Amino acid sequence: MMFNVIANFYPIHFTPKSPNYRKFPVVSHRKFTKGKGVVYKDTFPRFPRHPTHTRIYRHAARELASEKPNPLFLYRPHLSSPPFPAAVAVATMGLEMEPMAAAIGVSVPVLRFLLCFAATIPTGLLWRVVPSATGRHLYAGLSGAALSYLSFGATSNLLFVGPMAFGYLAMLLCRRRAGLVTFLGAFGFLIACHVYYMSGDAWKEGGIDATGALMVLTLKVISCAMNYSDGLLKEEEGLRDAQKKYRLTKVPSLVEYFGYCLCCGSHFAGPVYEMKDYLEWTERKGIWASSTPSPLLPTLRALVQAGICMGLYLYLSAMFPLSRFSEPLYYEWGFWHRLFFQYMSGFTARWKYYFIWSVSEAAVIISGLGFTGWSDSSPPKAKWDRAKNVDILGVELAGSAAQLPLNWNIQVSTWLRYYVYERLIQKGRKPGFLQLLGTQTVSAIWHGLYPGYTIFFVQSALMINGSKVIYRWQQAVSNSGLHTILTLLNCAYTMMVLNYSCIGFQVLSLEETLASFKSVYYVGTIVPILCVLLGYVIKPARSAKPKARKAE
């Protein structure tokens, strides 16, 4: 039998005839020995992953490809004791999944995650027939916990208990400060998990763990606590529209809170939604009080979109592999060739996220939670905006970098606007670069502590500010030809700087990020800075219309 820890990649090789068969391995063995049934791992299961584990995993995979009989890999996150029978039954599926995983070019843990992720769609459909509100709360929470167990292992759910319990206790014990306390506590716990698991390394090597789901959960518990704190404020105190809409006047019950936090439709990859919307959906109030439109066609549309996105990603990722940035061949190319490869690498990576978000969109739509009312058109059409996490054409054809947060990871961008950006603005003052930089910094920390994330989001703040300068020039010119040129320039600027910046988001390490930037002479950093500086020199004339309004 073979035990393997998904989050820490400990491949341990046993053959059925091994004297250590059915024994839990505890010894270290750095050298892989063929056909002798030896333990092959780098350290004990209780300790953090060593940087060499990714190399060990690749080495083991190459050896296993040529060996007979093929060993059985069991994937369990955070394993510190032998697996119990239920875990063995789940992990035994790894042997049957290996051919399927190899056929689509992913690891067995990723395939198991994808199957559980796809299962959120029928699970969301079944939610509609659960008879009572309490039953629906329990079903939402238990189904999310069950799919987490099947995807990541039993102890993954223990990760979720920490921020959930902390946020709920903060609401009970210090309502006025619950939002701030939960923000600091939940983000602190998430940062600790990022440091301990360093999941980016595992994701790059084809692994997966529960920190992605923990990231979504962190935003949920923070927004719930902040909205409960806002419930103490009065409308005349200058509440923003989002605060008026989502504030909570009473603390949710434990059952409601449990269902909200682990609801399977958004548990794995979002979208993030508000507690007030969840309660109205579950209790069939508000827009759900009357019959809602059929979710069949929008669900099918989302699934077709997911299939197209996955197909494009698999096709393009073979042509523009991320590993090329560390190969000598890349540095033998000319400047324009390297810049084009960076562009295509960023373009390729986005289709993976489009696929994930399209599947989660289908799950939320089919459950009914994605419904947001009816349009004003004649005849009115159903809107499913709550499930929408990306507008693909809006990203790929963005006319300005300022449009990207409105079209990419939409619900997280909305969360950042409501709970970070707007709350950093002092009363009576306009928002500026510092608020934008603070919001991007929170977003970077939320994603992880890799230097590549921080560089990407700092670059994003520069990119958006530079794009705003070009946009002001666009609006100031009256010549239609020059206006068109500036519009095309802003679009080209946005795509160039975006794909340049997102290399850091992919390679993660400081050395690889700076090496890729240096290979194109830091063009994606220098151009935004020049645009911002030129904005102070070439100030567009203000139009007469705003002045007239000001005079009025």
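Visitor: How many aromatic pairs does the count come to here?

Guide: The count comes to 41 aromatic pairs. Keep in mind that this is a predicted model.

Visitor: How do you describe a pair like that?

Guide: A pair of aromatic rings is described by the distance of the centres and the angle of the planes. Take phenylalanine 113 and phenylalanine 268: their centres are 5.6 Å apart, with 90° between the planes. That makes the pair edge-to-face.

Visitor: Where do phenylalanine 113 and phenylalanine 268 lie?

Guide: Phenylalanine 113 lies in helix 3, residues 108–127. Phenylalanine 268 is in the loop between helix 11 (264–267) and helix 12 (275–282). The pair therefore ties together parts that are 155 residues apart in sequence.

Visitor: And phenylalanine 113, buried or exposed?

Guide: Buried, because its relative accessibility is 8% and the cut-off for buried is under 20%. Phenylalanine 268 has 5% relative accessibility, so it counts as buried too.

Visitor: Which residue forms a tilted pair with tryptophan 333?

Guide: Phenylalanine 341 does. The centres are 5.4 Å apart, with 55° between the planes. Both tryptophan 333 and phenylalanine 341 are buried.

Visitor: Which aromatics form one cluster?

Guide: The cluster includes Phe347, Trp351, Tyr353, Tyr354 and Trp357. Trp408, Tyr450 and Phe505 are among its other members.

Visitor: New topic. Which ring does arginine 175 lie over?

Guide: Arginine 175 lies over the face of tyrosine 228, at 3.9 Å from the ring centre. Arginine 136 lies over the face of tryptophan 127, at 5.7 Å from the ring centre.

Visitor: OK, now the surface. Which residues form the nonpolar patch?

Guide: Leu510, Leu514, Tyr522, Ile526 and Tyr536 are among them. Together the patch residues have about 1,000 Å² of accessible area. Helix 22 (510–519) and helix 23 (523–537) each give two or more residues to the patch.

Visitor: Which helix gives the largest share?

Guide: Helix 23, with seven residues. Tyrosine 536 is in helix 23.

Visitor: Why does tyrosine 536 count as exposed?

Guide: Because its relative accessibility is 62%, and exposed means over 50%.

Visitor: Zoom out. What does the secondary structure come to?

Guide: The protein has 24 helices and four strands. Of its 552 residues, 53% are buried. The accessible surface comes to about 26,100 Å², and 65% of that belongs to carbon and sulfur atoms.

Visitor: What about contacts between residues 24 or more positions apart?

Guide: Those account for 69% of the protein's contacts with a separation of 6 or more.

Definitions and conventions: Residues numbered from 1 in each chain as written. Predicted model: local features only at pLDDT ≥ 70, side-chain atom pairs only at ≥ 80, totals over all residues. Heavy atoms only, no water. Patch = residues over 30% accessible without salt bridge, like charges linked within 9 Å, V, L, I, M, F, W, Y side chains within 5 Å. Areas by Shrake-Rupley, 256 points an atom, 1.4 Å probe, with all protein chains shown as cover. Salt bridge = Lys/Arg side-chain N within 4 Å of Asp/Glu carboxyl O. Buried < 20%, exposed > 50% of the residue type's maximum accessible area, 1.4 Å probe, protein only. Phe/Tyr/Trp six-rings, centres within 6.5 Å; stacked < 30°, edge-to-face > 60°. Lys NZ or Arg CZ within 6 Å of the ring centre and 35° of its normal. Contact = heavy atoms within 4.5 Å.
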